[in-house]
Amino acid sequence: MPWLLALAALTLLRLWLAAILPLAPDEAYYWVWSSGLQGGYLDHPPMVAIFIRAGTLLAGETPLGVRLLGPLSLALGSLLLMRAAEDLFPGRRAGPWAAALLNATLLAGVGAIAMTPDTPLLFFWTATIWALARLHATGDGRWWLVAGLLAGLALASKYTAALLGLGILFWLLADPAMRRWLLRWQPWAGGVLAMLAFAPVIAWNAANGWASFAKQGGRAGDGDGDVGDALRYLGELIGAQVGLATPLVFLLCVAGAAAAARQWWRGRDAAALLLAALILPGAAIFLWQATGSRVQGNWPAILYPAAAIAAAALLAAPRWMRLRVPALVLGGAMTGAVYLQAAAAPLPLPRGADPTLARLAGWDAFLGDVEAAAAAQGAAFVAAEEYGLASVLAFGLPPGRVVVAMDGRWQHFSLPTPPAGVTGLLVRSERRGEWPPNWPGAEPIPGEDGRLVRRRGGVTAEAYRLWRVVPAPGQPPAAVLPRSGGG
């Protein structure tokens, strides 16, 4: 089928980009996680680290290895989304359109080549929809077990997967035809499987003072901001969705969600209710959170698989049908422009206008400059205060170079402490200001020898200052990071 060939070609393109683009700081940080798998981490559950470990076992400790499961999981997730649409709304030929609309978003297109916790989250969320659609189509209660396990794996990817459980519960309670399942054992067994999949995260938190739960729970909006802040955050959230979903796909998805709610209300259609339950409560929570704090643009990505099905299956009016192809063309063009800028940078855009510059540009040359500076200073190790920068150094510096990270989060890892009584080189971004580093007794390296610039072509991505440092008792937590062997 043509759409399968298109998906295969798109997946190959994404794998190629995953191989040639350097790791962003967050990706390198998650690679550090994968070097010492745990039941949880301060920032997120462990699934992204498991994905990376699997990828590096197959493709080595390279950018492709770190990202390998991103393009592959989106391709498989697209097939599952297509099947789910066909099971929920047979005869409407909505499956290929739903998969195409999801792939046309920047959220999916960029997320496929950037390994973050959203990567496994989106896959397992979509796979759960597939299992629930199979349940709806077959009436076979064993699909509750599959759905429960997949939902638990989604929760082991990112805590926002709790919205998936909320949506499923709403589906069970709101539809009379679904409530009969509450008297059978399968949904409850599925819930047990979900909790078993999430149990390592609970155990890790219990052993670490509930650190991750506390950190992520503190992100909830408190509603104490003034009206101006609320309006600004709401505007940022909606604007981000228009851009990241791409404008026409966003319009279709919003209309599809409304159509799902309307169709259930009028006809008590359990399939339409499932989609509405997986979109509307989450959307309402994100909107509420935006009244008190900033909502990151990628967080609502989980709403789009169900919204894509709704847009493909429930918008049958000609005015909506005519928007499908333009939506795919616009989404593909926007995603292609980002891919091109990341890979070749034809436009010399400044940092503020080009996220690919800040995250991906100039790392190879910069790492060479850091190694040369460390050798010139006779440094026994290279250090950084920012966890992302430290992780990039650990992934990319030549083998044998000791890399030290200084940040409170490293106390939650089983990593060695830096050697005492030796001199190291601290690399510190100028974005952190003019005040001294956190490292006690740090001495700035004067002149041009003490400054490095990471750039792409003639455009500066970031500038750094270099400091001499010596480990000492009583300093803030520091750890020696694992090395990739210069990958």
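## A partly exposed leucine and its surface patch

Leucine 79 has a relative accessible area of 33% and is therefore partly exposed. The structure described here is a predicted model. Leucine 79 belongs to helix 5, which covers residues 69-88.

Together, Met1, Leu4, Leu76 and Leu79 make a nonpolar surface patch of about 350 Å².

## Helix 2, an enclosed helix

Helix 2 consists of residues 25-34, and nine of these ten residues are buried, so the helix is largely enclosed by the rest of the structure. The buried residues of helix 2 are Pro25, Glu27, Ala28, Tyr29, Tyr30, Trp31, Val32, Trp33 and Ser34.

Several helices take part in covering these residues. The cover includes helix 3 (47-59) and helix 4 (63-67), and it also includes helix 20 (355-360), helix 21 (363-377) and helix 22.

## Strand 2 and its neighbours

Strand 2, formed by residues 402-406, has four buried residues out of five, so this strand too is largely enclosed by the rest of the structure. Strand 2 runs parallel to strand 1 (residues 381-384), and four bridges join the two. Within this pairing, alanine 384 stands opposite alanine 405 of strand 2. A right-handed β-α-β unit is made by strand 1, helix 22 (residues 387-396) and strand 2.

Strand 2 is also paired with strand 7 (residues 478-480); here the strands run antiparallel and three bridges join them. Methionine 406 has alanine 478 of strand 7 as its bridge partner.

The whole structure contains 19 salt bridges. Side chains of opposite charge can pair when their charged atoms come close.

Arginine 232 counts as partly exposed because its relative accessibility is 38%. Aspartate 229, at 23% relative accessibility, likewise counts as partly exposed.

Arginine 351 has a relative accessible area of 31% and is partly exposed, whereas glutamate 462, with a relative accessible area of 8%, is buried.

Glutamate 462 also forms a salt bridge with arginine 431, in which the closest N and O atoms are 2.5 Å apart. Arginine 431 lies in the loop between strand 3 (424-429) and strand 4 (443-444) and glutamate 462 in strand 6, so this pair ties together parts that are 31 residues apart in sequence. Arginine 431 counts as exposed, with 52% relative accessibility. Through shared partners, salt bridges join Arg351, Glu386, Arg431, Arg454 and Glu462 into one network.

## Exposed loop positions and distances

Proline 446 is located in the loop between strand 4 and strand 5 (451-456). At 59% relative accessibility, proline 446 counts as exposed.

Serine 414 is located in the loop between strand 2 and strand 3. Its relative accessibility of 75% places serine 414 among the exposed residues. The C-alpha atoms of serine 414 and valine 480 are separated by 9.9 Å, and these residues are 66 residues apart along the chain.

Methods: Residues are numbered from 1 along each chain as its sequence is written. This is a predicted model: local features need pLDDT of at least 70, side-chain atom pairs count only at pLDDT 80 or more; totals for chains, interfaces and linings use all residues. Side-chain values use heavy atoms; hydrogens and water are left out. Buried means under 20% relative accessible area, exposed over 50%, partly exposed in between (1.4 Å probe, protein chains only). Two strands pair if DSSP finds at least two bridges between them. A crossover is right-handed if, with the strands pointing away from the viewer, the path from the first strand over the helix to the second runs clockwise. Patches are made of residues with over 30% relative accessible area and no salt bridge: like charges are joined within 9 Å, nonpolar side chains (Val, Leu, Ile, Met, Phe, Trp, Tyr) within 5 Å. Accessible areas come from the Shrake-Rupley method with a 1.4 Å probe; for residues, only the protein chains shown count as cover. A salt bridge is a side-chain nitrogen of Lys or Arg within 4 Å of a carboxyl oxygen of Asp or Glu. Contact means heavy atoms within 4.5 Å.
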